[in-house]
Number of protein chains: 2
Amino acid sequence: MVKTSRRQRSAPTIIDVAKRAGVSPMTVSRVINGENNVRPATRELVNSAISALNYAPNPAARSLAGAGQSRIGLLYSNPSAGYLSEFLVGSLDQASRRDVQLIVERCEPGDHEIEVARHLIESGVDGILLPPPLCDSPALLRLLAEEQVRAVLVGSAVPPAGQLAVSIDDCQAAYAMTRHLLGLGHRRIGFIKGNPTLKASAHRYAGYCSALEDAEVVLDLELVAPGLFTYRSGLDAAEQLLDLADAPTAIFAGNDDMAAASVAVAHRRGLDVPGDLTVCGFDDTTLATTIWPELTTIHQPIADMSRAAVDLLVSAIRQQSPPDQRHCVLDYTLIRRQSDAPPRRRPHSAHP
Amino acid sequence: MVKTSRRQRSAPTIIDVAKRAGVSPMTVSRVINGENNVRPATRELVNSAISALNYAPNPAARSLAGAGQSRIGLLYSNPSAGYLSEFLVGSLDQASRRDVQLIVERCEPGDHEIEVARHLIESGVDGILLPPPLCDSPALLRLLAEEQVRAVLVGSAVPPAGQLAVSIDDCQAAYAMTRHLLGLGHRRIGFIKGNPTLKASAHRYAGYCSALEDAEVVLDLELVAPGLFTYRSGLDAAEQLLDLADAPTAIFAGNDDMAAASVAVAHRRGLDVPGDLTVCGFDDTTLATTIWPELTTIHQPIADMSRAAVDLLVSAIRQQSPPDQRHCVLDYTLIRRQSDAPPRRRPHSAHP
DNA sequence: CGCCGGCATGTTAGCGATAACAGCATAAGG
DNA sequence: CCTTATGCTGTTATCGCTAACATGCCGGCG
């Protein structure tokens with residue numbers, strides 16, 4: 001059996017070095033940490049003892065005795081299915097690289113987010129990671145500000161000034177998707193808005209509007225349906241859009257859940273997707289590839305975002321990196337799958 | 001304030017937990033390390049103190065004090081939506097409690113699982129966690145046996161003898177669900193089988209058959225459709241079942257994805273769920289509560305299962321707890337939501 | 001001359017956890 | 001009924017390192 005090979009002849013300690021250099025362990029420590037109040041001659045002595053013994057400080061002991069390892073919390077409430085797992089994978093990875101401990105805490109639907117957050121804070125974390133939808137809770141942000149706990153908002157489209165944040169550009173992504181649909185030839189493009197309490201909703205809508213405008217397609221408010229990011233709300237919105245006398249040839253839903261609902265409604269009405277109706281989503285959750293046809297959607301690099309978030313937070317905690325970039329914007333990807341196609345009927349000719 | 005005064009809001013220590021639980025720090029340590037010589041009542045006391053304080057052991061102190069830190073791998077390939085995140089939360093939590101480093105490795109659809117597993121082993125893990133569907137890969141198990149790497153199979157219905165494993169009783173759960181449907185008055189109950197390479201499929205089917213038999217309802221093989229646990233396969237299976245001259249009044253799908261597909265097919269045909277057709281799933285993935293109506297399904301305590309798996313693995317690695325229980329079977333829950341109801345039409349009278 | 005202040009260094013006391021052993025009930029055995 | 005096992009649980013002593021304080025040594029000042 002190959003016991004962990006590291007346990008060989010116990011490595012030299014700071015005491016071995018101290019003896020050999022004829023000084024006290026403390027002086028060795030000072031030399032190691034580059035403190036400037038050691039006489040050059042002594043420093044030299046210690047240094048040579050160190051290299052003679054091939055000494056390396058024990059990081060565990062170091063963090064135990066010293067500044068202590070920092071811990072960061074991850075507070076999540078109800079992200080869509082695949083979001084959390086990706087987020088976890090990324091933050092875990094980075095947390096271990098940066099040598100911080102990650103405490104994961106869930107806010108159950110019934111819980112009051114404030115209570116849970118307070119619990120986390122009281123448990124002594126030095127900072128908190130807030131993936132959506134918690135990143136847009138004003139009450140939570142207020143609490144964090146009061147308690148002076150640092151936080152990184154992930155996925156919030158427009159974080160308050162100075163707030164640490166990581167996100168994609170929701171507006172630009174929605175713009176790209178709308179442009180994609182326009183490129184396929186669609187002119188009547190329905191849009192299902194998301195939960196108005198989340199800032200991302202407004203931004204995605206803005207991207208949609210802006211793309212239409214740039215393509216000189218007039219925005220028809222009939223084609224814009226309200227939604228809440230839930231499947232259920234998507235059902236209602238899709239019904240509303242498809243009930244229109246001049247129904248859209250494509251529906252761009254504010255997220256995958258509502259897009260999936262739109263597909264369901266289309267099927268219920270005997271419409272083929274994408275033959276009779278193009279449907280696109282946003283987020284690229286697992287739902288997007290679970291249903292049939294698989295959804296064309298916007299993919300967020302969630303794992304990378306969470307990695308970036310951990311980095312930002314740790315740097316802030318250790319005060320290593322000044323605010324050279326408090327808000328980190330990563331790139332999205334438009335993923336094309338089977339739910340989009342050019343419109344079957346020629347659209348009404350647009351302008352002369 | 002430049003630095004948080006060291007004493008103020010530091011993380012809770014083993015001593016805080018000990019005080020709160022009214023025991024000595026040593027006992028807490030024993031609980032954390034899963035040593036088996038602690039009275040269950042005491043263990044419970046300590047555990048609740050741990051979660052109340054949101055305590056996590058300081059890895060630095062631990063490795064300093066002796067216990068060399070071990071690492072375990074989590075190898076996953078393609079669990080259904082939501083499974084992974086729950087699994088991660090549970091295993092993370094327990095990994096941090098037990099102070100093992102969790103190395104997460106994904107096996108992409110194209111990858112050969114053997115290669116990925118070998119990579120993980122070579123990176124020096126002391127054991128591997130195998131959630132479904134990898135837990136049922138014979139080739140993988142063979143490799144692990146050869147390499148003498150310990151593994152815990154999670155979700156495999158009948159693990160090889162002596163293999164570390166955690167699961168629920170799939171057969172019994174399917175039995176309970178079928179019984180539930182019979183209790184509602186259904187007699188023609190369709191069943192969609194799962195991927196035949198996974199042992200859970202056969203067990204769920206066995207539970208279904210056994211419940212019918214006990215209720216003296218003859219098993220009609222017409223009502224049993226093949227499936228693969230994918231949404232797509234559920235679509236085909238549901239079409240097949242609903243095409244039947246004497247169609248079922250209820251469909252029990254082998255998992256939630258296929259149940260969701262069944263709901264979609266029903267809607268496409270203008271059937272109301274649950275008014276015209278009852279649909280039940282299995283697994284209680286997030287999909288179950290995403291769609292409408294929300295699915296009645298079987299809930300597995302995935303987070304607890306992964307916690308148990310980590311425990312089992314760590315204990316085996318540290319050789320602290322003998323094989324007092326190599327296969328840990330946890331309880332499932334039948335969750336009733338909106339997708340089931342008594343059959344609308346009186347079923348054909350059964351027997352004289 | 002003697003006291004002060006500043007620098008280089010040594011001492012002491014933990015950091016948070018565990019190993020090893022010591023106690024102390026309770027159960028088993030004679 | 002007393003002794004020897006057999007759990008559980010508590011004590012003590014570290015692990016390697018570093019804050020915080022204590023010491024000794026020097027020159028400068030009144």
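Trainee: Let's start with two helices: in which crossing, left-handed or right-handed, does H10(B) pass H11(B)?

Mentor: Keep in mind that this is a predicted model. Here, H10(B) goes past H11(B) in a right-handed crossing.

Trainee: And at what angle do helix H10 and helix H11 of chain B pack?

Mentor: Look at the angle and the spacing together. H10 (residues 231–243) and H11 (residues 256–268) of chain B pack at about 50 degrees, and their axes are 7 Å apart.

Trainee: Which residues in H10(B) meet H11(B)?

Mentor: On the H10(B) side there are B:Tyr231, B:Ser233, B:Gly234, B:Leu235, B:Ala238, B:Glu239 and B:Leu242. Among their partners in H11(B) are B:Asp257, B:Met258, B:Ala261, B:Val265 and B:Arg268. The residues of this contact split into ten nonpolar, three polar and three charged.

Trainee: Why would residues three or four places apart point the same way?

Mentor: An α-helix has 3.6 residues a turn, so residues three or four places apart end up pointing the same way.

Trainee: Okay, now a helix with buried residues. Which residues of helix H2 in chain B are buried?

Mentor: In H2 (residues 25–32), they are B:Thr27, B:Val28, B:Ser29, B:Val31 and B:Ile32. Next, ask what they sit against: the buried residues of H2(B) pack against helices H1 (14–21), H3 (40–53), H4 (59–65) and H5 (83–97) of chain B.

Trainee: What does A:Asp169 touch, leaving out residues up to four places away in sequence?

Mentor: A:Val329, A:Leu330 and A:Tyr332. A polar atom of the A:Asp169 side chain also lies 3.1 Å from the backbone nitrogen of A:Cys171.

Trainee: Zooming out, how many helices and strands are there in chain A?

Mentor: Chain A has 13 helices and twelve strands, and 52% of its 352 residues count as buried. Of the chain A contacts between residues at least 6 apart in sequence, 73% join residues at least 24 apart.

Terms used. Residues are numbered from 1 along each chain as its sequence is written. Chains are lettered from A and ligands numbered from 1 in the order in which they are written. This is a predicted model: local features need pLDDT of at least 70, side-chain atom pairs count only at pLDDT 80 or more; totals for chains, interfaces and linings use all residues. Side-chain values use heavy atoms; hydrogens and water are left out. Contact means heavy atoms within 4.5 Å. A polar contact is a pair of N or O atoms within 3.5 Å; within protein, one must be able to donate a hydrogen and the other to accept it, and residues adjacent in sequence count only if both atoms are side-chain atoms. Axes are lines fitted to C-alpha atoms, for helices over the stretch in contact, and angles run from 0 to 180 degrees between N-to-C directions. Helices (H or I, at least four residues) and strands (E, at least two) are DSSP runs, numbered from the N terminus. A crossing is left-handed if the near helix is turned anticlockwise from the far one by less than a right angle, and right-handed if clockwise. Ala, Val, Leu, Ile, Met, Phe, Trp, Tyr, Cys and Pro count as nonpolar, Asp, Glu, Lys and Arg as charged, and the others, Gly among them, as polar. Buried means under 20% relative accessible area, exposed over 50%, partly exposed in between (1.4 Å probe, protein chains only).
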